[in-house]
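Reader: I would like to go through this model feature by feature, with the general idea ahead of each case. Please begin with a residue in a loop.

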Amino acid sequence: MRKLFCCFLLLVAAVPAMAQQVGEPAPEFSLQASDGKTYTLSDFKDKQAVVIAWYPKAFTKGCTIECKSLAENGHLIREYDVTYFMASTDEVEDNKKFADEYKADFPLLSDPTGAVAEAYDVKMPVLNMAKRVTFYIGKDGNILKIDRDIKPATSAEDMARTLGELGVAKK
């Protein structure tokens, strides 16, 4: 019986922390962005919903397509009372170049240590890169939806539709 209990303890210790769940508070962050500002999640609490679209790497094919979608069709998202970001583990300088090249009129957050990506459970094992996952966070700071099925070419349209489905207020 003692061996069984010890094995159970080892198993529990080896299982990673639970992934983020809808309804839970979103992990706090304070990250530099491509526009030169630093954004802190708690600054939006009780004021505005937040969307964070994590992406793997600036200037790669899918990430470029997603950034262009959000830049070209961001007006659909801005109909809602929301602040939205793309976020990656790229250095802020790389995200600034990426944002400038594709005329992103929204901030790209930089998490070069990967600590925030890890808190959101989107950091790829071994690599210091994020998975493509979008988090919808309510005014109360809780996660409304976690979208893991991202279509880069229609990101803006999909994001706007989801905001409507979640009942995020329009401006």
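Reader: Is lysine 103 buried or exposed?

Author: Buried means under 20% relative accessible area, exposed over 50%, and partly exposed in between, with a 1.4 Å probe and protein chains only. Lysine 103 has a relative accessible area of 67%, so the residue counts as exposed. Its place is in the loop between α4 and β5 (108–110). Helices (H or I, at least four residues) and strands (E, at least two) are DSSP runs, numbered from the N terminus. The model is predicted: local features need pLDDT of at least 70, side-chain atom pairs count only at pLDDT 80 or more, and totals for chains, interfaces and linings use all residues. Residues are numbered from 1 along each chain as its sequence is written, and side-chain values use heavy atoms, with hydrogens and water left out.

Reader: What is the phi of lysine 103?

Author: Most residues other than glycine have a negative phi. Lysine 103 has a positive phi of about 55 degrees although it is not a glycine. Aspartate 121 also is not a glycine and has a positive phi, of about 60 degrees. Aspartate 121 sits in the loop between α5 (115–119) and β6; its relative accessibility is 33%, so it counts as partly exposed.

Reader: How should I read the faces of a strand, and which residues of β3 are on each side?

Author: In a regular strand the side chains alternate between the two faces of the sheet. In β3, Ala49, Val51 and Ala53 are on one side, Val50, Ile52 and Trp54 on the other, and all are buried.

Reader: Which strand runs parallel to β3?

Author: Two strands pair if DSSP finds at least two bridges between them. β3 and β4 run parallel and are joined by 6 bridges. β3 also pairs with strand β6 (residues 133–137), in the antiparallel sense, over 5 bridges. Tryptophan 54 has a bridge partner in each: alanine 87 in β4 and valine 133 in β6.

Reader: What span should helix α2 have?

Author: The expected span of a helix is 1.5 Å times one less than its number of residues. Helix α2 (residues 61–72) has 12 residues and should therefore span 16 Å; its end C-alpha atoms are 16 Å apart, which agrees.

Reader: Which residues of α2 are buried?

Author: An α-helix has 3.6 residues a turn, so residues three or four places apart point the same way. The buried residues of α2 are Cys63, Thr64, Glu66, Cys67, Ser69, Leu70 and Ala71. They pack against β3 (49–54), α3 (74–77), β4 (82–88), α4 (92–101) and α6 (155–165).

Reader: What does the side chain of serine 69 reach?

Author: A polar contact is a pair of N or O atoms within 3.5 Å; within protein, one must be able to donate a hydrogen and the other to accept it, and residues adjacent in sequence count only if both atoms are side-chain atoms. Serine 69, in helix α2, reaches the backbone nitrogen of serine 155 with its side chain at 3.2 Å. Serine 69 has 4% relative accessibility and so counts as buried.

Reader: Which residues touch the most other members of the largest nonpolar core?

Author: In soluble globular proteins, nonpolar side chains tend to be buried together. A nonpolar core is a set of buried Ala, Val, Leu, Ile, Met, Phe, Trp, Tyr and Cys residues joined through side-chain atoms within 4.5 Å. The largest has 25 residues, of which Ile77, Met86, Phe106, Leu108, Met159 and Leu163 touch the most other members. At least two residues of this core come from each of β3, α2, β4, α4 and α6.

Key
Contact means heavy atoms within 4.5 Å.
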